Amino acid sequence: MPIPLRLSLVTLGVADVARSTAFYEALGLVASSASTDAVTFFNTAGPVLSIYGREALAADAQIPVNGSGFSGVTLAWNLGSEADVDKATVRVVAAGGLMVKAPEKTFWGGYSGYVADIDGHLWELAHNPGFAVDAAGRVRAPD
């Protein structure tokens with residue numbers, strides 16, 4: 001039987017771990033006791049979010065740190081309603097994030113917009129009426 005794929009942890013390579021930690025704390029996350037000056041871990045309703053120095057992360061993966069432009073990856077924060085998307089967008093911008101695309105109705109029947117954290121990592125803030133959000137904030141795609 002194959003080992004099931006699980007997205008367990010998302011690590012963001014950042015310019016300044018302390019500054020990025022403060023940004024995510026301003027969004028309401030609480031740093032884990034396993035955090036150090038070099039890395040911060042946050043429990044979320046889904047995978048653990050890890051904040052680690054960009055250069056250290058590149059060195060760990062043995063790849064050049066000088067990549068630039070769109071990485072082809074976005075993170076998503078699915079929410080229970082359009083109003084929640086609007087509130088989350090305001091919260092991210094108030095914490096120092098950048099509005100990339102204001103939330104709007106989508107061609108797929110939902111509502112979404114894009115923000116960037118203080119290191120430029122893209123987050124889609126979305127309400128997808130076809131993806132249920134449970135009381136713990138976990139999202140499940142339809143079977």
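1. Start with the largest pocket, in what is a predicted model: its volume is about 1,000 Å³. A pocket here is an open set of points on a 1 Å grid over the protein atoms alone, where a 1.4 Å probe fits, with protein on both sides within 12 Å along at least five of seven lines; lining residues have an atom within 4 Å of a point. Of its 34 lining residues, T44, G46, P47, A76 and W77 are the closest to the centre.

2. Which element gives the most to that lining? It's β4, with four residues. By class, the lining of the largest pocket has 23 nonpolar, six polar and five charged residues.

3. The second largest pocket comes in at about 710 Å³. It is lined by 26 residues, and G13, R54, S71, V73 and H121 sit closest to its centre. Strand β1 supplies the largest share of this lining, five residues. The classes split into 14 nonpolar, ten polar and two charged.

4. Now have a look at A15, in the loop between β1 (9–14) and α1. A15 is exposed, at 66% relative accessible area (exposed means over 50%, buried under 20%, partly exposed in between, with a 1.4 Å probe and protein chains only).

5. How far can you trust all this? The chain's average pLDDT is 89, and 98% of the residues score at least 70; pLDDT is the predictor's confidence in each residue, from 0 to 100.

6. A housekeeping note: residues are numbered from 1 along each chain as its sequence is written.

Notes. This is a predicted model: local features need pLDDT of at least 70, side-chain atom pairs count only at pLDDT 80 or more; totals for chains, interfaces and linings use all residues. Side-chain values use heavy atoms; hydrogens and water are left out. Helices (H or I, at least four residues) and strands (E, at least two) are DSSP runs, numbered from the N terminus. Grid points are joined across faces, edges and corners, and a volume is the space filled by probe spheres set on the points. Ala, Val, Leu, Ile, Met, Phe, Trp, Tyr, Cys and Pro count as nonpolar, Asp, Glu, Lys and Arg as charged, and the others, Gly among them, as polar.
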